[in-house]
Amino acid sequence: FAHVDTSLRTRTLDFITAAGRFFLLTYQFIPVSLYVSISVVNTINAYFVTQDRGLYDESQDEPGRVRSMALLEALGSVSHVFSDKTGTLTSNH
């Protein structure tokens, strides 16, 4: 760096300092905006579940209800569904 102009060295140091300040000031914004985006997507998914005619229970005259936003995310990871010999699902009350 002995032959490099002093103004170039100063500008380089100023750029590195500005980039560091930018990173330190904005690194928290991305997780917050990601959290908001995921919440909006979960709300839209809940709306679609309540409006889905395939989830309508005719015997109780009741549409599908979403009681937990985390449940919709967990449904994507279900790999096994257990049932009895007749193929019906049982519920625990």
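Modeller: Gladly, and one definition comes first: a residue is buried under 20% relative accessible area, exposed over 50% and partly exposed in between, using a 1.4 Å probe and protein chains only. This is a predicted model, so local features need pLDDT of at least 70 and side-chain atom pairs 80 or more, while totals for chains, interfaces and linings use all residues. Residues are numbered from 1 along each chain as its sequence is written, and side-chain values use heavy atoms, without hydrogens or water.

Colleague: Thanks! Is Asn 42 buried or exposed?

Modeller: Asn 42 sits in helix 2, residues 29–51; helices here are DSSP runs of H or I with at least four residues, strands are E runs of at least two, and both are numbered from the N terminus. Its relative accessible area is 11%, so Asn 42 counts as buried.

Colleague: Which residues does Asn 42 contact beyond its neighbours within four places in sequence?

Modeller: Contact means heavy atoms within 4.5 Å. With those neighbours left aside, the partners of Asn 42 are Met 69, Leu 72 and Glu 73.

Colleague: Which helix do the buried residues of helix 2 pack against?

Modeller: The buried residues of helix 2 are Asn 42, Ala 46 and Val 49. An α-helix has 3.6 residues a turn, so residues three or four places apart point the same way. In this model, the buried residues of helix 2 pack against helix 3.

Colleague: What distance separates the C-alpha atoms of Val 49 and Gly 64?

Modeller: Val 49 has a relative accessible area of 18%, so Val 49 is buried. Not counting residues up to four places away in sequence, Val 49 touches Leu 55, Gly 64, Val 66 and Leu 72. Val 49 and Gly 64 are 15 residues apart along the chain, and their C-alpha atoms are separated by 6.2 Å.

Colleague: How far does helix 2 reach from its first C-alpha to its last?

Modeller: The expected span of a helix is 1.5 Å times one less than its number of residues. Helix 2 has 23 residues, and the expected value is 33 Å. The model comes close to that, with a reach of 33 Å.

Colleague: What kind of aromatic pair do Tyr 47 and Phe 48 make?

Modeller: Rings of Phe, Tyr and Trp (its six-membered ring) pair if their centres lie within 6.5 Å; planes under 30 degrees apart are stacked, over 60 edge-to-face and the rest tilted. The structure holds one aromatic pair. The ring centres of Tyr 47 and Phe 48 are 5.9 Å apart and their planes lie at 55°, so the pair is tilted.

Colleague: Is Phe 48 buried or exposed?

Modeller: Phe 48 belongs to a nonpolar patch on the surface, together with Val 32, Tyr 35, Val 36, Val 40, Ile 44 and Tyr 47. Such a patch joins nonpolar side chains (Val, Leu, Ile, Met, Phe, Trp, Tyr) within 5 Å, from residues with over 30% relative accessible area and no salt bridge. At a relative accessible area of 52%, Phe 48 is exposed.

Colleague: Which residue meets Glu 62 in a salt bridge?

Modeller: A salt bridge is a side-chain nitrogen of Lys or Arg within 4 Å of a carboxyl oxygen of Asp or Glu. The structure holds one salt bridge. At 2.9 Å, N to O, the side chain of Glu 62 meets that of Arg 65.

Definitions and conventions: Patches are made of residues with over 30% relative accessible area and no salt bridge: like charges are joined within 9 Å, nonpolar side chains (Val, Leu, Ile, Met, Phe, Trp, Tyr) within 5 Å. Accessible areas come from the Shrake-Rupley method with a 1.4 Å probe; for residues, only the protein chains shown count as cover.
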